[in-house]
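Please find below a short note on the model under review.

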Amino acid sequence: MVLDEETVYPAWIPVTWDSEPEYDGDTEGRYVFTADTGGYVLADSAKLPGITVTVEKNSEILPPDDSSARLVSSLMDGGGMKVFKSYAAFKQAFRDESIQGGDVILVSFIPDDSERVYFYYRPGLMEVSIIWDVGEELESTFENVGRFTLKQGDIHLEGKVGTLIIEDGIASIGASEINDITMLGGYLYTGSSNRITGGFIYQGGTIDGALGLSGDGVFINDSDKVVEVTLGSTLYALLPGSELKADGTVRYPIVLETVEGGTAAVSHTMAAADEVLSFEAIPKKGYVFKRWLVVDAYGMSQIFSESTTPSASMPMISSGITVTPIFYSTDASLSSLQYQVEGKAPAAVPGFTGYQDTYHVFLPPDTPQSAVIALKGVPAHQEAKVVGNPQITLSRGAGAASLTVAAQEDTVQKNYTVNFTVTGKNGTSDSSGDSSGGGSSTVDLSVLYGNWEQIVTGGWMFKMTNGSYAKSRWGQVKGLWYYFDAEGRMLTGWYYDQNYKKWFYLEPNGDMAVGWRQIDGKWYYFNPVSDGTKGAMAADTEVDGYTIGADGAAMICPAIV
């Protein structure tokens, strides 16, 4: 419903008070309390008071809950606080009409034998707040009270009552009209002739008699137990969090859980049995929606036909429910990847990023030609799993191990491949091959066999004997090293290898540069030794007596060309 203009109406709303600094009644200081209306929008004419409490050393000892009277007094317009420590003083105040509208009255005493009597007053108290803390022997009756807090004692209310708060003691209601009741404990006698027009919030205590809910009156079970109440001639067993309306409708709470992986919304926070609920789930990037989990107040899961669709609906049951959207991650990446040669300590795969799926590890010359190597990966998402057996045995010093990661959504998988090569006595490049398939007597995965193919743009690709093209990798052809990008194109010029975190230079014909090279008027030195980093540009070092800067350029051009 859309309103054409702002609608203002009177209502009782819950208010939470926060103090700065945090209130400590045992510590001296000045505490400032501010009200939090919990999202309610107040009319411009409604002003919330500010409360300041000062705790001083050696303060006068006050009667029980005198501080409550002061707090309530600060919330009332006009009037003041009056504390009565005896029956006689309280009775006298009524006689001389010293109690006025806006007053907050604290009555706190233990009756003696002479005061164990019944007394009855009918003054107009609709603008008065009474805090009653009297022994049960003194039975008291009031009519037309604005706000009554029963801490202990035995009281009877008639006429109109604004708010009744029962903390302990015994209260009976006779032919009364009450706006709101909050029951924390104690004992309440009531009957269907009473009219409760607002909210009856129950947190504890015993109710004897039928409720007299009227109009918008509602009974709210705010406790953690099942409460039996009578409305008219019908007995209701109300589950925790449920509400009973004046027409006998029971509404149950709906709790929506917040979870990782997405957001969700439910059409209702309270609903009666068979009322249709609507659910809507929106997964975040990297997640998919799987299903709805609906659990009733007894811990039983509820099955409904649309439980696996993001936009779903179901009829409300006769119980409170908790609704949880279930999202699954599609992240099948690794956060780390290690390899372990049998008999050696684990080592990190050089240049691992988690996103690249192919890597190359050059093993030292003393590695056995038939070594057993295992891969160990740690999934980035805690619900992802490594599947398969990522372990291989090298064949003549070379081999490739693969590791597969299944995401929480197990239809999504990612495969990582690590190529291993044992270097020769002088390094990896000792092996060589040609397009006809000749080469060294040992298998070396870095060596490529096949033919060069020129592409339309003028670049080159290398088609291997198995029919595939070399892609995203280094490779040797006739003893020279080349690098091929993800499209299979041979690169030229500067290239930064993420695996080795080093710069390389590829000549105009694609050959990897080694030794001293003059590029764009500057001299650079590229590692000529086959130690696993052959071709890497030197930086921040000295070579052949020449100082090389952080950018790889020699400070003084060397004589060696």
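How many salt bridges does the structure hold? The structure holds six salt bridges, a salt bridge being a side-chain nitrogen of Lys or Arg within 4 Å of a carboxyl oxygen of Asp or Glu.

This is a predicted model, in which local features need pLDDT of at least 70, side-chain atom pairs count only at pLDDT 80 or more, and totals for chains, interfaces and linings use all residues. Residues are numbered from 1 along each chain as its sequence is written, and side-chain values use heavy atoms, with hydrogens and water left out.

1. Salt bridge Lys 151 to Glu 167. The side chains of these two residues meet at 2.6 Å, N to O. Lys 151 belongs to strand β8 (residues 139-152), whereas Glu 167 is in the loop between β9 (154-166) and β10 (170-183), and the two are 16 residues apart. Strands here, of at least two residues, are DSSP runs of E, numbered from the N terminus. Lys 151 counts as buried because its relative accessibility is 19%, and Glu 167 counts as partly exposed at 31%. Buried means under 20% relative accessible area, exposed means over 50%, and partly exposed is in between (1.4 Å probe, protein chains only).

2. Salt bridge Arg 251 to Glu 275. The side chains of Arg 251 and Glu 275 form a salt bridge of 3.8 Å, N to O. Arg 251 lies in strand β20 (residues 250-256) and Glu 275 in the loop between β22 (270-272) and β23, so this pair ties together parts that are 24 residues apart in sequence. Arg 251 is partly exposed, with a relative accessible area of 21%; Glu 275 is partly exposed, with 27%.

3. Salt bridge Glu 409 to Lys 290. The closest N and O atoms of this salt bridge are 3.2 Å apart. Glu 409 lies in the loop between β33 (398-406) and β34 (413-422), and Lys 290 lies in strand β24 (residues 287-296), so the pair ties together parts that are 119 residues apart in sequence. Glu 409 is buried at 10% relative accessible area, while Lys 290 is partly exposed at 30%.

4. Three-stranded sheet. An open sheet of three strands runs in the order β21-β23-β25, with antiparallel pairing. β21 (262-266) and β25 (311-315) are at the edges with a single partner strand each, so one side of each has no neighbour in the sheet. From one strand to the next, the twist averages 20°, with axes taken as lines fitted to C-alpha atoms and angles running from 0 to 180 degrees between N-to-C directions. Strand β23 (residues 276-283) pairs with β25 in the antiparallel sense over five bridges; two strands pair if DSSP finds at least two bridges between them. Ser 278 has Ser 313 in β25 as its bridge partner.

5. Aromatic pairs. A search of the whole structure finds 30 aromatic pairs. Rings of Phe, Tyr and Trp (its six-membered ring) pair if their centres lie within 6.5 Å; planes under 30 degrees apart count as stacked, over 60 as edge-to-face and the rest as tilted. The rings of Phe 200 and Phe 219 have centres 4.9 Å apart and planes at 55°, so this pair is tilted. Phe 200 is in strand β13 (residues 199-202) and Phe 219 in strand β16 (residues 218-221), so the pair ties together parts that are 19 residues apart in sequence. Phe 200 is buried at 0% relative accessibility, and Phe 219 is buried at 0% relative accessible area.

6. Trp 494 and Tyr 524 form an edge-to-face pair, 5.1 Å centre to centre with 75° between the planes. Trp 494 lies in strand β39 (residues 493-497) and Tyr 524 in strand β42 (residues 522-526), 30 residues apart. Trp 494 is partly exposed at 33%, whereas Tyr 524 counts as buried at 10%. One aromatic cluster is formed by Trp 494, Tyr 496, Trp 503, Tyr 505, Tyr 524 and Phe 526.

7. Backbone geometry. A cis peptide bond, with omega about 0°, joins Glu 20 and Pro 21; Pro 21 is in the loop between β1 (16-20) and β2. Lys 478, a residue other than glycine, has a positive phi near 55° and lies in the loop between β37 (473-477) and β38 (480-484). Lys 478 counts as exposed at 58% relative accessibility.

Key: Helix = DSSP H or I, 4+ residues; strand = E, 2+ residues; numbered from the N terminus.
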